[in-house]
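The stops below are given in the order in which to select them.

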Amino acid sequence: MQLLSAEELAQLSPAEEAGFPSPIPTQVVASDEYFPQPQSAEQKEVEARLVAMADRLAARQGLTRRRFFQTAAGMAASFVAMNQVYGPLFEASEAEAATPELAQQRAEALAGQLVFDAHTHFLRDDTRLMGFVAMREAVGRAGWNRQIGDRPQTIDDLKYANYVKEIFLDSDTKVALLTNAPSEVPADWFLTQDQVFETRARVNREAGARRMLAHYTITPGYPGWMEGIDKAIEIYKPDSWKGYTIGDNTHKDLSRHPWRLDDEKLVYPAYEKFAKAGIRNVCIHKGLFAPSVEKQFPDLRPYVDVSDVGKAAKDWPQLNFIIYHSGYRHVGGSPAEAMREWEETGRISWVSDLADIPAKYGVGNVYGDLGQLFAFSTVVQPRLAAALMGTLVKGLGADHVVWGTDAVWTGSPQWQIEGLRRLEIPEDMQRQHGFAPLGPAAGPVKTAIFGGNSLRLYRFEKHAALATDRFAALKAEYERRGAGRSNLRYGYVRKPA
Ligand SMILES: [Zn+2]
């Protein structure tokens, strides 16, 4: 089966060899609230160690530094450098970084892992939202995602073609759930509801298997929102629901319809419809409301924490409440601030509150999604990543934590996948907080988080097809060509004959 034209294959050759990484930025260039903070002293040290290691190993392997970072050995090197600075949190060895065969073997052994990313985004073609371009650049420059590196980003990087490439070719993701965000300004929805379901149909048709699931976005209080749900049930047949209790997250200054999950009058009639239709997964954006954001929008503060989750979950045992970002507050703020909170109190806003809900309310239908909170902790403050994972697994259960990356805001999710595969909670933290170890990459805890839990939530019966469909063949071809995760952009998915 020929999936790529000659021209397309030509584009798969490694990118031009510009210097990499770029000088470390001394400050954040734009003011988008989801921006990574400037590098800390520790990150600078990681960067310096990594560059030194990469130059040494790349030369020995006959590669440029940029190319080295695109290999499995380069990925391992990043985690080795982090271990040197933060202590042994990641499973990675210098031998792996120095021996391409060893690194490649490990990568290949895990490549088939069922990674179900229940939190992904791209933007409509006519989008006016440019903030995410700068965010990707900042993530590249801060050294979080070495697949981005110092490549200038454009709005096309946020659109469909690059989305498919970064999710299904550049990462080990097998299934993705496409989500959305509403706005009071119709033109500034990430996608229209139609586009979401057209994309699901297109991807699944092109793949020849169920690769994509889709959200219908509910907007309680907006005119016509209940009729929209009827239409969704009848026509779109969504896999689950997405809601933003903050109302309008994109234009917080325009938010006129914030709401609470436990508002019996406003949203319980919608839950009734969900239950009746048998579409039981309710995905809710929570958190991402750092103290600096609260200062700007104090009126929205009552809607962004998780204080409304417990009662709703208790009243609606037939539904599942999947809390996106697990209510993590500090994205857009400082990971150091989150770390300080953890060290002083043993809690993190509002992840610890979420983790308390099953015990406090006696419920088993509350889940935590890892979108953004993993990205914003794993590289910059890995002990914080360990604390977050420990807190969620202990409170919700390993069977109630679901993988999500919020890709492609921070580029292809492979660096996050590798992060969780390798992360372990340090022993002192395990002892002090009663956390169980996360275990190996393919052990029971990580297998459940990466895919098992969402497979169950979405009643995903036949997933054997994922190993043999058109996307599987395409990825095999891509890797065989030494794709180098480089600059392939358009036209790599042929229309099925
Ligand atoms: Zn999101």
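A residue is called buried here if 20 or more other C-beta atoms lie within 10 Å of its own, exposed if 12 or fewer, and partly exposed in between, with C-beta atoms placed from the backbone. Helices (H or I, at least four residues) and strands (E, at least two) are DSSP runs, numbered from the N terminus. This is a predicted model: local features need pLDDT of at least 70, side-chain atom pairs count only at pLDDT 80 or more, and totals for chains, interfaces and linings use all residues. Residues are numbered from 1 along each chain as its sequence is written.

Begin with the whole protein. Its secondary structure comes to 21 helices and 8 strands, and 49% of its 497 residues count as buried.

Select helix α15, residues 351–361. Its buried residues are Val 351, Ser 352, Asp 353, Leu 354, Ala 355 and Ile 357. Now show what covers them: α13 (309–315), β6 (320–324), β7 (366–369) and α17 (382–396) are included in that cover, where contact means C-beta atoms, placed from the backbone, within 7 Å. After α15 comes Gly 362, with a positive phi near 65°.

Step back to the loop between α14 (335–345) and α15, where Trp 350 is found. Ser 349 and Trp 350 are joined by a cis peptide bond with omega about -20°.

Next, select His 325, in the loop between β6 and α14. His 325 is not a glycine, yet its phi is positive, about 65°. Is this residue buried or exposed? His 325 is buried, with 27 other C-beta atoms within 10 Å. Compare Arg 459, in the loop between α20 (444–457) and α21 (470–480). Its phi is also positive, near 45°, but Arg 459 counts as exposed, with 10 C-beta neighbours inside 10 Å.

Of its 136 residues, Ala 76, Ala 77, Val 309, Phe 321, Ile 323, Leu 388 and Met 389 touch the most other members. Helix α4 (residues 72–86) gives the largest share, 10 residues.

Terms used. A nonpolar core is a set of buried Ala, Val, Leu, Ile, Met, Phe, Trp, Tyr and Cys residues joined through C-beta atoms within 7 Å. Two residues are in contact if their C-beta atoms, placed from the backbone, lie within 7 Å.
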